[in-house]
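Please look first at the sequence and the structure shown below. The report that follows takes up the chains, then some helices and their neighbours, and finally a loop residue.

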Amino acid sequence: MSTDLLAALVPALPLAGAIALAALRRKLGANAAGGLATALVAGAFVASALLFQGFDPAAGGRTVKLLDWVRVAGMDIPLALRIDALSLTMMLIVTGVGALIHLYSIGYMHEDERAPTFFAQLNLFTFAMLLLVMGSNFLVTFIGWEGVGLCSYLLIGFWYKTPEYNYAARKAFVMNRIGDVGMVLAMVLLFQRFGTLEYDAIMDRASGVNDPLMIAATLFLFLGATGKSAQIPLFTWLPDAMAGPTPVSALIHAATMVTAGVFLTVRSSVLFELAPFTQDIILWVGTATALLAASIGLFQNDIKKVLAYSTVSQLGYMFVALGLGAYSAAMFHVTTHAFFKALLFLGAGSVIHALGGEQDIRRMGGLKGTVRTTYITFLIGTIAIAGLPLMSGFFSKDLIMAFAFQRSPVLFALLLAGALMTAFYMFRLLFLVFHGTYRGQAHPHESPPTMTVPLVVLAVLSVAGGLLNLPHLFGGHEAMKHFLESAAEGIRFENLALDTMTEIVLMTLTTVLVGVVIYIAHGRFAVKATLEGDEADMPFLKRLVAQRWRVDELYRALFERPFGWLSTNLYAIAENKVVAPLVRGVGDAALRVGETVRGIQTGNAGFHLLAMLCGLILLLTFTLMGS
Amino acid sequence: MEPISTPHDYLPVLVQAAIAVGFVGFALSAAAFLGPRLHGRKKEESFECGIEQQGDARRPFSVKYLLIAILFVLFDVEVIFLYPWAVNFKALGAVGFVEMVVFVGFVLAGLYYVLRKGVMRIE
Amino acid sequence: MSALVLLSVVGVVLLYLGLFGRRTALAATGVAGLLGTIALIATGWHLESPLFAGIVRFDGPARAYTLLMAGATVLLFLFGVDYYARMQRNVAEQYALMLFSLVGGILIVSFSNLVMLFLGIEILSIPLYILAGGKRDSFRSGEAAFKYFVQGSFASGFLLMGLALVYGATGSFDLAAIGTWSADAAHGHDTVFLLGLLLTLAGLAFKLAAVPFHFWSPDVYEGSPTLITAFMSTVVKTAAFAAFHRFIAALHLPDAVGTMLLTMTVLTLFLGNVVALRQTQFKRLMAYSSIAHTGFLLLALVGGDPRSGDVLFYYLAAYTLATVGLFIILTLAKRAAQGEEHIRIFRGLFRERPWVAVAALLMLLSLAGIPFTAGFVAKYRVFMLGLAGGHVLITFFAVAMALLGIYYYALVVREAFAPREQEGGTLAVAPLNWLVITLCGVGVVALAVWPVALP
């Protein structure tokens, strides 16, 4: 099969699935719909794998043009897909992890009567995400970008009968929209400057440009990225987005959609390299997000909220890498994070499923006996994210931290603090859920194989994911870095220039400290389950953290209230007292003029002629005076 | 191309227009001032002799008059084309002849259409 | 040439068919003639240009616009089969007059001499004055015809005065010669020329229904028979815009003309969109929407960009498709609602005729400029042109107006998809109408993924 056809097939399969499922949603059962959806995404994965296999890194990327879309002389925006190392990496993640999550959903959603709709939306989401990563220009990416936002809105609010869920969906939508404005403005600026939206053309023309416009454009792009990738200040939607079914959280809010911001930044890395100011901003926003979210994660009691804040925190690490110019490290972390975070979310889903919908870890505990597979895989995921040696998370996170150390030890220390917090809250979660004694009333049962098989596969990947980019220190070749480097033109890579000894010292330091933290957590949560009491009883600082630094309240006070006040008062005063009488007055006046004119003229036509003539005279006067 | 006219060149036109309007105004007002005025019922009738006038002059009349008038003008104008052709008959030759036959054919088609539509029938 | 002759002869043939009572053959003959014209133009057979001693030039844009207008007329003729089915007398004249009007349209999209421009506009307009009054028993129709005629003559006066002044300044009626003349820097500030240009553009702007020369359009759109309204808002508008563009693109415009165009653009955008917000009668709504679209189309022209021709053509094609379809659906709904034109007559359309409702939705979305429809691509290109031309503020204003415009289209969409409270008359869709609606509905989406450009 030709490359072009394969490339077109990758997004076409999920799209076909979405359309077919939407059309047949009343006729298909939950299992049939799930099977079809899974098969199509798996097909897309196979197509991606074939593309990957046939891809020659030395030959570089290629553009597959599907359609002439917007074409006027000089303004040429085709509907085209770009196949290069970067998009292939993302395609494999999206379709691979996506297929596993689809499979898992069959088990998870089998009792929901709207399951076919769910799978249609899941497929549509996969399609949009593929469009996002495969687009050869900003506009195609933007369509995927919007589509992803839309599907996320639909899926978060999937259980639309609960009002808070709808609120969460709206919040995600609005936050994303703020980011989208940044993306649109960036596109307009880039188009004005370069006359095209094609990635390779822009990257070609941009090299060497030194222009304040670059700073503006990259800042806008970054604003877009913060919206999708849940960075400060737009991160508050992601924890709320946990309202959706758990597979959605796994797919959207862990493995794929949230990495869109990282992807976009890597895609336009040439531009970011030209704007060191923006890079610094990214670096510090990433660090702040990593720490803030990790600290919030310490005291959460909802199993999915803990994972959500951990996602925000991990995304912060990716942005730190981007800010440091370590693009391959960021992509590496995207990949490993996709594995272990999907695993953790699906594991959490399995637990929730086992307990009949319970999400509060205070009412869990001692589950390791009853849900054995889930426990073992969840344990692997926890070890991976905590970054214990030889797990995938170890390699990817340590790579970022090594880059950070190269920039400044202070930055390293901050990230280390974040990593320790991560280890603490993850093991707290693990111990409170699976160890100790059961504190709830439900009757736990292990999930069906459709749910456990993906868990096992993802667990294997979480362990082995590090091999993708094994550093020289461990006898590897940094394969992923070379792959990305050789084939994705326009992306620049910084090399790690630390000597081996420093690297070993840093790794050992991290590992030892993480071990200590795990020991403490074991003491507090496994031996005896220390539960968080009422927020009111906490000391001030702890309460502040537990209440998520009160960011939501801050936003409400800063934006929601003033705007609400403004709109209420504008309506009461400006609209009712000023505009409405004015409009009514003008209307009345016009009517009265009409009446008067009718009194003088025999018909309206005459008035029209007069008006036309007056208009002409005014226009001529205005024009001639103006010139 | 050289400008063959400037606003300046329109001055004579303006002057002529002024003279024309001025003359009309002058003649009318002079007549009003100089002429003797006599008012009377007989004097203000439209026609001083002949048939007695009946009713109002401003009343609707059949649109057929208008139609026939405009059709007359139409065919009249079309037939005017025949004169220059006839004068240049030799010079235009066979092609001219064929063209004129086609033209006359169209005029006849129109005439037939008009007759068939019953425009000329006046009850 | 061959196309013009063919169309005129077909018009006469139609008159004769009517004379001998062959009603059923009328639309078929007309469509055949139009298809013949399309074939002639498309193959370029006997398209010797320049024509009539160089006053008509069938260049690329002229051919493209001719195809577009002839295509739209074909759709309208197909619709006419059903539309005129219950009309007793003078049906042939309706078809024939539309063809004659189309001939005028073709002349003004291909003129290269100002005399031809004027003649073309008159040939285009005079049949329209009659057609607007086509419903002889309707007072509104007569009123529309009268108003259109009076105001149209007025506009012709502007146009003639303008053309005369342009001739006076440049000494030529030839477009190319005037273009050369205007490019000469020495003539940049010629007042006579400028005044002539402004008056000419004002005369043309009347046909575009650009503010402040738009007063006729709501009354005339509302009063005319729906088929004729559709004809006016598609074929005539296309012709007028093509002529407008042809005129200004050939000249080197003084800055003052740019100011006038910008002023008209802003006024038109504002008035069209704002007044449309309050309309509940569908035909009036479409009239104001048409004015609003004039504003967007003008925006494509103000920059004087060489790409504006392409954008204009694409926009007009998208607009034409959506408008034709919507007017047909209006006629059907109006018939079912015993002649009412309030937008609530669309209520329950989705329940009753799902496909027609979906097609209506597509066309309304296209007019509103929602992505994945031709209307979006068209507006997007217009805004890009506006930005490229440096009119950033006005483009933002236009974007704001476009967003405002979504509201009144959404109102109609809401009606079409709302369930009907009580049972009304049933909506009958003849096969030919269904075909045209489908063509238009699919067309606005197809155009979005397969954009067309001028040859």
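## Terms and numbering

Helices (H or I, at least four residues) and strands (E, at least two) are DSSP runs, numbered from the N terminus. The expected span of a helix is 1.5 Å times one less than its number of residues. This is a predicted model, in which local features need pLDDT of at least 70 and side-chain atom pairs count only at pLDDT 80 or more, while totals for chains, interfaces and linings use all residues. Residues are numbered from 1 along each chain as its sequence is written, and chains are lettered from A and ligands numbered from 1 in the order in which they are written.

## Chains A and B

Two residues are in contact if their C-beta atoms, placed from the backbone, lie within 7 Å. Among the contacts in chain A with a separation of 6 or more, 81% join residues 24 or more positions apart.

Chain B has four helices and zero strands, in the pattern α-α-α-α along the sequence, and 0% of its 123 residues count as buried.

## Helix α8 of chain A

Helix α8 of chain A (residues 212-228) has 17 residues and reaches 25 Å from its first C-alpha to its last, close to the 24 Å expected at 1.5 Å a residue. Twelve of these 17 residues are buried, so α8(A) is largely enclosed by the rest of the structure; among them are A:Met214, A:Phe220 and A:Lys228. The cover over the buried residues of α8(A) includes α6 (163-194), α11 (260-267), α12 (269-273) and α13 (276-297) of chain A. After α8(A) comes A:Ala230, whose phi is positive, near 55 degrees.

## Two helix pairs

In chain A, helix α5 (residues 138-156) packs with α6(A) at an angle of about 170 degrees, their axes being 8 Å apart; axes are lines fitted to C-alpha atoms, for helices over the stretch in contact, and angles run from 0 to 180 degrees between N-to-C directions. α5(A) is therefore roughly antiparallel to α6(A), where angles over 145 degrees count as roughly antiparallel, under 35 as roughly parallel, 65 to 115 as roughly perpendicular and the rest as oblique.

In chain C, helix α4 (residues 91-109) and helix α10 (residues 226-250) pack at about 20 degrees, with their axes 8 Å apart, which makes α4(C) roughly parallel to α10(C). The residues of α4(C) that meet α10(C) include C:Met98 and C:Leu102, and those on the side of α10(C) include C:Phe231 and C:Val235.

What span should helix α12 of chain C (residues 282-302) have? At 1.5 Å a residue its 21 residues should span 30 Å, and its end C-alpha atoms are 30 Å apart, which agrees. Because 19 of the 21 residues are buried, α12(C) is largely enclosed by the rest of the structure, and α12(C) is followed by C:Gly304, whose phi is positive, near 65 degrees.

C:Arg57 lies in the loop between α2 (23-43) and α3 (60-83) of chain C. With 19 other C-beta atoms within 10 Å, C:Arg57 is partly exposed. The C-alpha atoms of C:Arg57 and C:Leu107 are separated by 9.1 Å, although these residues are 50 residues apart along the chain.

Technical notes:
A residue is buried if 20 or more other C-beta atoms lie within 10 Å of its own, exposed if 12 or fewer, and partly exposed in between; C-beta atoms are placed from the backbone.
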